[in-house]
Amino acid sequence: MKIHEYQGKEILSKFGVAVPKGKVANTAEEAGVIAHELGGETVVVKAQIHAGGRGKGGGVKIAKNPHEAYEIAKQIIGMQLVTHQTGPEGKRVNKVLVEQGLNIARELYVGVVLDRAASQLVVMASTEGGVEIEKVAEETPEKILKEYIDPLTGLRPSQSRKLAFGLGLEGDAFKNAVKFFHALYKAFVETDCSLAEINPLIVTTDGRVLALDAKINFDDNALYRHPEYAEMRDITEEEPLEVEASKYRLNYIKLDGEVGCMVNGAGLAMATMDIIKLAGSSPANFLDVGGGASPETVENGFRILLSDPNVKAVLINVFGGIVRCDRIANGVIQAAKNVHISVPLVVRLEGTNAKEAAQLLHESGLPLIVAGNLKDAAEKVVAAIRA
């Protein structure tokens, strides 16, 4: 789950992570008042959306006084902000963060993430602050410092000092950076984050080290331990179909292809998406209905798939292990009768009672295309679209 920058900073500050003074505003009038409360001098007005590149898109601007803060917030709130992460449609800005202006000496980068290949958390730091870390990794990977964390010991002081040395910090900045790294790591672990990225991490002219930006993502599987963070979810920032799917506990991710996929099991879903690409088309979504797919689950999945105007055909690929294939077939037939299906529907069922399931599908009287294997299913769904 993603949260806004201002929410991330509120959480980080509770763990001792240094952040600039600031407040969130829902209106231009509130932005002007906040700027006055911050001293009436230079402030930064920042659009709050779940995407990076806000500055380049015109979503981050400097105001020299409260009146300017009001005028800038008036321009930003309500705008459709387009960045390299939002796509051409952009995202509507509903609120802004107004923060104190700071005298910046250096811009750095620091992030904590799980390295799945190493099965360890890793703290990454770089002198290239303000630049997408993916770009740094591609063009100048030697500028990324990494410290892998032993889960039994946590982030050790020597590792924090090594990172600070590697960033070329000295004096107060060095000491403050070491404290910052430990506080960030503690926040990451205790709140069950999946990502904590500070870009840029700034060093001020007087040696302070602060999070000028904060990107915090939570592990959805651990949100039951943090109900207060679950309430921070902003569904206006999410894909509507993904929000709808979450109501039925469906694992759904919208993509930009033309084949709607309904599969049980993440691994099989990934394989199905791959073979659709090999057959000459592309998946419109990732949808895992789980091992115990019921008629209700299948029906809700149908409704969500067919709500996507890009879907030109639907492929159901289910392995009957926990649930028998004939039961799944009955669920598909029932759902197909309840939901108006206006596109070709290809069904491939494999596993327990697969033959009985195929017979049920053939005798259903519905315009279903039954496939024998995964390759056959992909080829048939692509052929149906081309026809």
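Select Asn-353 first. It sits in the loop between β17 (345–351) and α12 (354–362). Keep in mind that this is a predicted model. Is Asn-353 buried, partly exposed or exposed? Its relative accessibility is 26%. Buried means under 20% and exposed means over 50%, with partly exposed in between. Asn-353 therefore counts as partly exposed. Now check its backbone. Phi is positive, about 60°, although Asn-353 is not a glycine. Most residues other than glycine have a negative phi.

**Next stop: Asp-192**

Select Asp-192. Look for it in the loop between α6 and β10 (193–204). Here, too, a residue other than glycine has a positive phi: the value for Asp-192 is near 55°. Is Asp-192 buried or exposed? At 18% relative accessibility, Asp-192 counts as buried, because the cut-off for buried is under 20%.

What does Asp-192 touch? Leave out residues up to four places away in sequence, and you find Phe-218, Asp-219, Ala-222, Arg-225 and His-226. Show the side chains of Asp-192 and Arg-225. They make a polar contact with each other, at 3.0 Å.

**Into strand β10**

Move to Pro-200, which is found in strand β10. Look at the peptide bond that joins Asn-199 and Pro-200. That bond is cis, with omega about 10°. Most peptide bonds are trans.

**Helix α5**

Select residues 157–166, which make up helix α5. Color Gln-159, Ser-160, Leu-163 and Ala-164: these residues are buried. Now look down the axis of α5. Where do its buried residues fall? They lie within an arc of 135°, so they line one face of the helix. On the other side of α5, find Lys-162 and Phe-165, which are exposed.

Which elements do the buried residues of α5 pack against? Show β8 (120–126), β9 (144–149) and α6 (171–190) to see these partners. Then step just past the end of α5. Gly-168 is there, with a positive phi of about 75°.

**A pair of helices**

Select helix α9 (residues 266–278) and helix α13 (residues 374–386). Their axes come within 9 Å and cross at roughly 55°. The two helices are therefore oblique to each other. The crossing of α9 past α13 is right-handed.

Show the side chains where the helices meet. From α9, pick Thr-272, Ile-275 and Ile-276. From α13, pick Leu-374, Lys-375, Ala-378 and Val-382. These two groups meet each other.

**Last stop: Arg-249**

Select Arg-249, in the loop between α8 (240–247) and β13 (251–254). Its relative accessibility is 78%, so Arg-249 counts as exposed. How many residues separate Arg-249 and Thr-297 in sequence? They are 48 residues apart. In space, their C-alpha atoms are 8.9 Å apart.

Note on methods: Residues numbered from 1 in each chain as written. Predicted model: local features only at pLDDT ≥ 70, side-chain atom pairs only at ≥ 80, totals over all residues. Heavy atoms only, no water. Buried < 20%, exposed > 50% of the residue type's maximum accessible area, 1.4 Å probe, protein only. Helix = DSSP H or I, 4+ residues; strand = E, 2+ residues; numbered from the N terminus. Arc of directions from axis to C-beta. Contact = heavy atoms within 4.5 Å. Polar contact = N/O pair within 3.5 Å; in protein donor to acceptor, adjacent residues only side chain to side chain. Axes fitted to C-alpha atoms, helices over the stretch in contact; angles between N-to-C directions. Parallel < 35°, antiparallel > 145°, perpendicular 65-115°, else oblique. Left-handed = near helix turned anticlockwise from the far one by under 90°.
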